[in-house]
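Subject: Structure handover

Hello,

I am passing a structure on to you, together with notes on what was found in it. Please look through it before you read the rest.

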Amino acid sequence: MARLLESQALDLLRQAGLTVPRYEVAREPREAEQAALRLGGPVVVKALVPAGKRGRAGGILFAGDAGEAARCAEKLLGTNLACYPVEQVLVEERLDVDRELYLAFTIASGRQATAVIAGSAGGMDVEELSRLHPEKVRTIHVDPLDGLPDFAARQLWYDAGVGGSLLPQLGSLTARLHRLFVSLDAYILEVNPLVVTREGKAIPAAVLMGVDDAAVFRHSELAGRVQPGMERTWRPLTGLEKQVVAVNDADPYRGTARYTEMEGGDIGFLCGGGGASLLLFDALRQAGGRPANYSEVGGNPTADKVYGIARAILSKPGVRGLLVAHNITNNTQVDLVAEGVVRALDELGLDARSFPVVAREAGVNEERARRLFQDRGVEYYGDEITLAEAARRIVARVRECAGAGSEVG
């Protein structure tokens with residue numbers, strides 16, 4: 001799952017024929033000033049990062065003229081918001097607001113349906129709105145076969161407390177946004193606020209959209225807009241994480257390789273087995289180890305895929321040892337795991353006799369895996385020890401190699 005920038009989401013709404021505020025993207029205060037001049041009148045200057053709750057974090061400012069827009073941009077650019085560096089801002093025309101509403105679409109996985117949430121008060125997130133004004137929030141679930149007709153959307157708004165001549169417009173807008181949500185394989189589309197202008201027009205003024213990046217191949221309109229691999233992080237991907245995403249995507253048909261970098265740490269962690277890898281991560285911490293990453297391979301990956309992720313793990317500065325382990329009930333060809341790991345060690349010039357590597361792999365082609373590992377000096381175990389014991393061994397080996405008295409683990 002990956003979030004789009006607001007400018008990208010607004011592009012998609014506009015291309016779908018929906019009315020949105022006029023906007024431009026600026027990378028410098030001067031560009032923001034020029035954008036405001038072209039838009040004319042007061043503008044809103046927003047930090048353009050793929051994160052919500054920007055207003056609360058100080059990432060949305062209001063400017064009365066072009067000069068103030070430049071100052072707002074200068075204040076935002078170069079800062080960090082929700083872990084993302086602010087490298088560009090959205091300069092958007094400021095609407096003449098009469099009232100603000102809330103509208104969101106998301107996937108209710110338990111019902112296998114789209115949840116449509118409408119609120120007669122905007123400007124706050126739905127949890128807060130529901131807590132403070134439960135009578136103003138209504139949710140319906142849309143059968144994927146039936147879709148969302150205009151009349152059902154009008155009823156939703158009526159139940160949320162909106163009436164009068166606005167209902168037909170809101171019903172039509174909500175139904176069209178729902179069709180866009182479904183057609184793009186989105187998992188979240190939040191419009192907050194959905195502004196009603198003093199002229200009586202309902203306009204999406206702020207849009208947050210996330211799409212299923214596994215379905216991007218079906219959408220040429222999303223090409224270049226979605227960062228693969230963002231579903232696993234709450235921050236920008238590191239360089240090594242991007243490398244592993246590329247390794248994984250290069251061969252999407254066999255096995256998966258996922259790498260999440262941790263802050264600090266000195267023990268590389270390459271494991272598999274779903275829940276087993278989580279237990280092993282905890283065991284490594286309990287043994288006093290400091291994992292440098294959390295990485296999984298699964299689905300019987302190729303040796304090339306294992307090599308790619310192992311090389312990334314070992315390339316992180318400060319890594320002084322490697323733990324490689326799978327649960328014994330897996331279907332992974334463990335000799336291919338060994339091939340990939342020893343290739344990465346060889347290419348990086350790491351000798352397992354001085355750079356500690358503990359492997360606990362029991363499964364398909366185990367004997368060959370044992371030979372490959374042991375020939376390179378890797379401390380190899382099959383099912384004669386547990387995953388927790390393997391975690392304790394790598395911590396002990398790293399401490400031994402670091403020398404008595406060194407601060408390791």
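The model is predicted: local features need pLDDT of at least 70, side-chain atom pairs count only at pLDDT 80 or more, and totals for chains, interfaces and linings use all residues. Residues are numbered from 1 along each chain as its sequence is written, and side-chain values use heavy atoms, with hydrogens and water left out.

Pocket

A pocket here is an open set of points on a 1 Å grid over the protein atoms alone, where a 1.4 Å probe fits, with protein on both sides within 12 Å along at least five of seven lines; its lining residues have an atom within 4 Å of a point. The largest pocket has a volume of about 1,000 Å³, volume being the space filled by probe spheres set on the points, which are joined across faces, edges and corners. It is lined by 39 residues, and K53, E190, N192, P193 and A206 are the closest to its centre. Elements giving two or more residues to the lining include β3 (43-47), β8 (97-108), α4 (126-132) and β11. Helices (H or I, at least four residues) and strands (E, at least two) are DSSP runs, numbered from the N terminus. The lining divides into 21 nonpolar, 5 polar and 13 charged residues (Ala, Val, Leu, Ile, Met, Phe, Trp, Tyr, Cys and Pro count as nonpolar, Asp, Glu, Lys and Arg as charged, and the others, Gly among them, as polar).

N192 lies in strand β11, residues 186-197. N192 is buried, as its relative accessible area is 18% (buried means under 20%, exposed over 50%, partly exposed in between, with a 1.4 Å probe and protein chains only). Leaving out residues up to four places away in sequence, N192 touches L101, Y102, G122, G123, M124, D125 and A206, where contact means heavy atoms within 4.5 Å.

Cores

A nonpolar core is a set of buried Ala, Val, Leu, Ile, Met, Phe, Trp, Tyr and Cys residues joined through side-chain atoms within 4.5 Å. The largest has 43 residues, and L13, L103, W157, L170, L177, L194 and M209 have the most contacts inside it. Helix α6 gives the most to this core, with 7 residues. Another core lies apart from it, with 33 residues, among them Y307, A310, L322 and A369.

L170 touches L101, W157, V162, L194 and A202, not counting residues up to four places away in sequence. T174 is found in α6, residues 166-183, and is buried at 0% relative accessible area. Beyond neighbours within four places in sequence, T174 is in contact with L103, F105, V116, L148, A153 and W157.

Helix α1

Of the 10 residues of α1 (residues 6-15), 8 are buried. The buried residues of α1 pack against β2 (23-26), β3, β7, α6, β12 (202-204) and β13. After α1 comes G17, with a positive phi near 90°.

Other residues

A32 is in helix α2, residues 29-39, and is buried at 0% relative accessibility. Leaving out residues up to four places away in sequence, A32 touches A26, A69, A73 and V91. A32 and K75 are 43 residues apart in sequence and 12 Å apart in space, C-alpha to C-alpha.

The structure holds 0 disulfides, a disulfide being a pair of cysteine sulfur atoms within 2.5 Å. As for two of the cysteines, C72 is buried at 8% relative accessible area, whereas C83 is partly exposed at 45%.

Regards
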